[in-house]
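Take a walk through this structure, one chain at a time. Start with the overall fold, then move to the contacts and the cores.

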Amino acid sequence: MVELRLREMAKRSTLLAAATAAAVVYIVMELALDGDDHQRFWALAIEVFVLKILLIFALTKGGEALRSDLKDGTIEYLWTRPVGKAKLYLGFWLGSLLGLLPVLLGSLLSISWIGVSMGAIDGFAELALLWIGAFLVAVGAGSLSLAFSALTSKFVVFGIFYFALVEMVLSRLPTGVRSMALRSHASDLLEPLKFGDPVSLELFGSALLGFLAIGVAAVLIGALRFSRARYSIGGEKEG
Amino acid sequence: MNTLIEAKELSCFYGIVLGLNNVSFSIPPGITGLVGPNGAGKSTLIKLVTGQLAPSSGELKVFGEQPLNNPGLLSRIGYCPEREQLPKDLKPIDWLRSLAALSGVPWKETASRAESALGKARLDDVHWKKRIGSYSKGMKQRVKLAQALLHEPELIVLDEPMNGLDPGGRAEFGAILKELRKEGTSILISSHILHELEFLCGGFLILNWGRALASGSQLEIRQSMTRWSDEISIRCGDAAALAAHLQVHGVLRGFLADREALTVWVKNPETFLDSWPKLLEGCPVEVYELRNKNQSLSSIFERMTK
């Protein structure tokens, strides 16, 4: 899956997807921005792009390849290879993350270009933090999406439901339950950028742990479900 | 090893749906045909052999090992599924390289391995640069076969590989399989296209309604059929007179006489054949030939699955 994904990434259509994402994000940001309003830039970059668009995109796109293989039956070509199912799942996981990369990279390049040119991003640390935050959100949400796709063919609906319930509702609760949401960790990590505050190492570490916990839990649940999947009678090969 | 696949009281159910019901058989190396109508349990058995399903009860061993969750065993088995779905947007070489890598072939060797497999499957190299989506059915079957050959398995399991192929395509596919057999690869092939299998397979396993009706070589199956086949064809000087003579002995259930050709349906085939010389005693009709009318695998299959 990884090799295939890497090959796909070199294709013209993938480059086109990245270029389209870059152009769309650039145009929207340019239209939405008002002069040199740095706060508005960060609000758009963090609140709109990272915490909404990227999150929804990864939650609904990350499981596409696995579900497509399960639905078409092409999963049989993989299941009958001399490789364990858990390893196969990890291949799907890496492949799904690579599949998210073109759009993520294109969008981030545009946002970074605009941020640097208007002076909202005035140092490497800010730029790096934005990219790290966006990557962590993509990895976390992509892992969740893959786990959903191992669980159900309705993984897109499930992803949107998860976004609405966990990411939008639970993340706003002032209790420990908010740590179940990727948004809460991403907010902790990226919010200081809005106000030009430095990020404390402690906050960075706890956010990283939060992402790690959600990501690992998603991968484990997905791998466990996938490794128990079997051929079942009927039209769609899913266990 | 004399036994490639061995099943003992093997059953597999999909919930309440029957897949295989208490079947026992053993399959030796060679080309073995898995024969049966739709719903007979052929695909279920194939999924069990390739480790995609767990038996509900009983035991299945391939090369002396259980296939479920056994990657080591899967490195000795190549599998070609029934479904036609292939990744449409990929070129065969790219797809096969990925699958070869998954099968443990070092990445540097995957290209040569993919080319060799496509060569063995006789897919002309002018098509290698095209996307699989643009392939004809026959070409897709060759790609499917090639992916099964990538890791040079000792056993290839083919689920209805000749479906949808024209007669020429079937003949060529059969020739490819014979060539693979010459190289020492064993093949388990399921099909309901029986006359192709008759010329291709050394042994058969006949399934119906999840049960194993017969297994062994064509000869063994025919012999077992002869024992209980009730339809016998006789060529003689006067069919009507011979029928009347046999009727007197009370061995017939029915007959059809047409000049020199007599077809009889006997009450007990084994007794009938054993006492045949005695039955003819005192009969003025000259008998030229006696044989079971339907000896082809197709007719055996039809009779067994009725």
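Along its sequence, chain A reads α-α-α-α-α-α-α-α-α-α. That is ten helices and zero strands. Helices here are DSSP runs of H or I with at least four residues, strands are runs of E with at least two, and both are numbered from the N terminus. The radius of gyration of chain A is 19 Å, close to the 18 Å that the globule rule gives for 239 residues, so chain A is as compact as a globular protein of that length. That radius is taken over C-alpha atoms, and the rule is 2.2 Å times the number of residues to the power 0.38.

A word on the model itself: it is predicted, local features need pLDDT of at least 70, side-chain atom pairs count only at pLDDT 80 or more, and totals for chains, interfaces and linings use all residues. Residues are numbered from 1 along each chain as its sequence is written, while chains are lettered from A and ligands numbered from 1 in the order in which they are written.

Along the principal axes, the C-alpha atoms of chain A fill a box of roughly 60 × 45 × 25 Å. Of its 239 residues, 44% count as buried. A residue is buried if 20 or more other C-beta atoms lie within 10 Å of its own, exposed if 12 or fewer, and partly exposed in between, with C-beta atoms placed from the backbone.

Look at helix 4 of chain A, residues 64–72. Its buried residues are Ala65(A), Leu66(A), Arg67(A), Asp69(A) and Leu70(A). Their cover includes helix 5, helix 6 (85–118), helix 7 (124–151) and helix 8 (155–167) of chain A. Just after helix 4, Gly73(A) takes a positive phi of about 90°.

Now turn to chain B. Its secondary structure comes to twelve helices and 13 strands. The C-alpha atoms of chain B fill a box of roughly 80 × 45 × 35 Å along the principal axes. Buried residues make up 39% of its 306 residues. An automatic or database domain assignment gives domain 1 (5–224) and domain 2 (230–305) of chain B. The C-alpha centres of these two domains lie 41 Å apart.

Where do the chains meet? In total, 19 residues of chain A are in contact with 28 residues of chain B. Contact means that two C-beta atoms, placed from the backbone, lie within 7 Å. On the chain A side, helix 1 (2–9) and helix 5 (75–79) each give two or more residues. Helix 5 of chain A gives the most, with four residues.

Helix 5 of chain B (137–149) has 13 residues. Among its buried residues are Gln141(B), Leu145(B) and Ala146(B).

Ala146(B) leads on to the largest nonpolar core. Of the 65 residues there, Ala146(B) and Val157(B) touch the most other members. Such a core is a set of buried Ala, Val, Leu, Ile, Met, Phe, Trp, Tyr and Cys residues joined through C-beta atoms within 7 Å. Helix 3 of chain B (92–102) gives the most to this core, with six residues. Apart from it lies another core, of 63 residues, including Leu44(A) and Ile75(A).

Definitions and conventions
The expected span of a helix is 1.5 Å times one less than its number of residues.
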